[in-house]
Amino acid sequence: MSDDLLRYRSEFPILDRTTYLISNSLGAMPRAVYDAMKGYADIWATRGVRAWEERWWMLAVEIGDEIGALMNAPKGTVSVHQNVTTCQAVVASCLDFSGKRNKVVYSDMNFPSVMYFWEAQQSRGARVHMVKTDDGVTVPLDRLLDAIDETTLLVPISHVIFRSAFIQDAKAIIEKAHKVGAMVVLDTFQSLGTVPVDVQALNTDFACGGVLKWLCGGPGVGYLYVRDDLGRKLEPKLTGWFAHENSFAFAPGAIRYADPPFRFMNGTTHIPALEAARPGLKIISEVGVEKIREKSKRQTSRLIASANQHGWRVNTPRDPEKRGGPVSSDMPDAQEVCRELLKRDIMVDYRPKAGVRMSPHFYNTDEEVERGISAVEEILKERAVVAR
Ligand SMILES: Cc1ncc(COP(=O)(O)O)c(C=O)c1O
């Protein structure tokens, strides 16, 4: 079967060396990152402090806009930070938990770092309501919607659940939140780059994520979208001189906020990580998320069918419309199997209560997907012989 996305394979050096099925964790590095890093060093070495004016000061805004374009965010609505946890902290710093509206609703399928952060906000007056999963794969929508009431301030949820790839009904959650006057932070870390995201169509208040997985952008860049009307009103208390309307006045005293996206920044930006992120963003935007999604549905269906055939427990929705990029399947001794796969240069990961996660991206061949499955089969056979 012809697959025109495979023409990008040569852009990713690691694909020559491994069976790379782990883009849910760290996307493959584009070859162009070598040049980007060299360019960064050259500019620093030759332009010195002038680099700020000539390139670096606006880099955060440019990268924010490039990420924003992938989720239909208007220009100037996305600020960049180090990671998702920091993005949540920026949002939390805009909020007041001292009134009656102080409830924070999410599910136990959120990424743990996000949970740890919101649990910790209880000392600031936040009242956390955590909705529990029944099956370890999905989040019960009815119970989540019921928990969002007139006292709810914020609903920080994942668009795609990291453990199971379940796609939450973000639209229904956002609509309910707005009906009762609450706001939503949609964590699109596991969706953007593999599942279409349109922040304007969803009418979400905030969206956040990072570039290191499906966007092939490397560690160190998280993004925060704030809906334009909100963005001009909110006053983050986690702030700093980059957020000042006139940073170079170095004025003493309280902050006078700039317009977004600078308004949501704080201290000096993370230039090397921003430079490294660019090649991946360019490729993803060139390939197009719709095409990536089509291929992902096909390859993940194949993974699920093979796992079923072998009798492994699939901890990912079977309906392609309800699942994102990874497939989690649990087999006997899954953690050991994962270690063995890594030794054979088949890059996957293991998560408790999920099993082995395999995540083909647009650059993977169907043969690689098959190789992942047949290697598990082989390992299980070898282990069975040893155990005899
Ligand atoms: C849905 C989701 N949110 C957040 C994170 C990570 O958060 P942070 O960027 O704070 O490390 C991950 C995974 O690494 C994730 O899968």
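Predicted model: local features only at pLDDT ≥ 70, side-chain atom pairs only at ≥ 80, totals over all residues.
Student: How many helices and strands does the protein have?
Tutor: There are 12 helices and 13 strands. Both are DSSP runs, numbered from the N terminus: helices are H or I with at least four residues, strands are E with at least two.

Student: What box do the C-alpha atoms fill?
Tutor: Roughly 75 × 55 × 35 Å, taken along the principal axes.

Student: Which domains is the protein divided into?
Tutor: Domain 1 covers 4-31 + 288-387, and domain 2 covers 32-285. The bounds come from an automatic or database domain assignment. The C-alpha centres of the two domains lie 28 Å apart.

Student: How many residues does each domain put into the contact?
Tutor: Domain 1 gives 30 residues and domain 2 gives 27 residues. Two residues are in contact if their C-beta atoms, placed from the backbone, lie within 7 Å.

Student: Which elements supply the domain 1 side?
Tutor: Helix H10 (289-310) and strand E10 (327-330) each supply at least two residues of that side. The largest share, five residues, comes from H10.

Student: New topic. What order do the seven strands of the open sheet take?
Tutor: The order is E2-E8-E7-E6-E5-E3-E4, with mixed pairing. Two strands pair if DSSP finds at least two bridges between them.

Student: Which strands stand at the edges?
Tutor: Strand E2 (78-81) and strand E4 (127-131) do. Each has a single partner strand, so one side of each is left without a neighbour in the sheet. From one strand to the next, the twist averages 20°.

Student: How many bridges join E5 to E6?
Tutor: Five bridges join strand E5 (residues 152-158) to strand E6 (residues 183-187), and the two run parallel. Ser-158 stands opposite Asp-187 in E6.

Student: What does H3 touch on that sheet?
Tutor: H3 packs on the sheet and touches E2, E5, E6, strand E7 (206-210) and strand E8 (222-226). Its direction makes about 155° with that of E7. Axes are lines fitted to C-alpha atoms, for helices over the stretch in contact, and angles run from 0 to 180 degrees between N-to-C directions.

Student: And the four-strand sheet, in what order do its strands go?
Tutor: E9-E10-E13-E12, an open sheet with antiparallel pairing. E9 and E10 pair over two bridges, and Arg-313 stands opposite Asp-330 in E10. H10 lies across E9, E10 and strand E13 (355-358), at about 10° to E10.

Student: Where is the cis peptide bond?
Tutor: The cis bond joins Pro-260 and Pro-261, with omega about 5°. Pro-261 lies in the loop between helix H8 (228-231) and helix H9 (271-287).

Student: Which residue has a positive phi although it is not a glycine?
Tutor: Asn-203, at about 60°. Asn-203 is in the loop between helix H7 (199-202) and E7. Most residues other than glycine have a negative phi, and most peptide bonds are trans.

Methods. Residues numbered from 1 in each chain as written.
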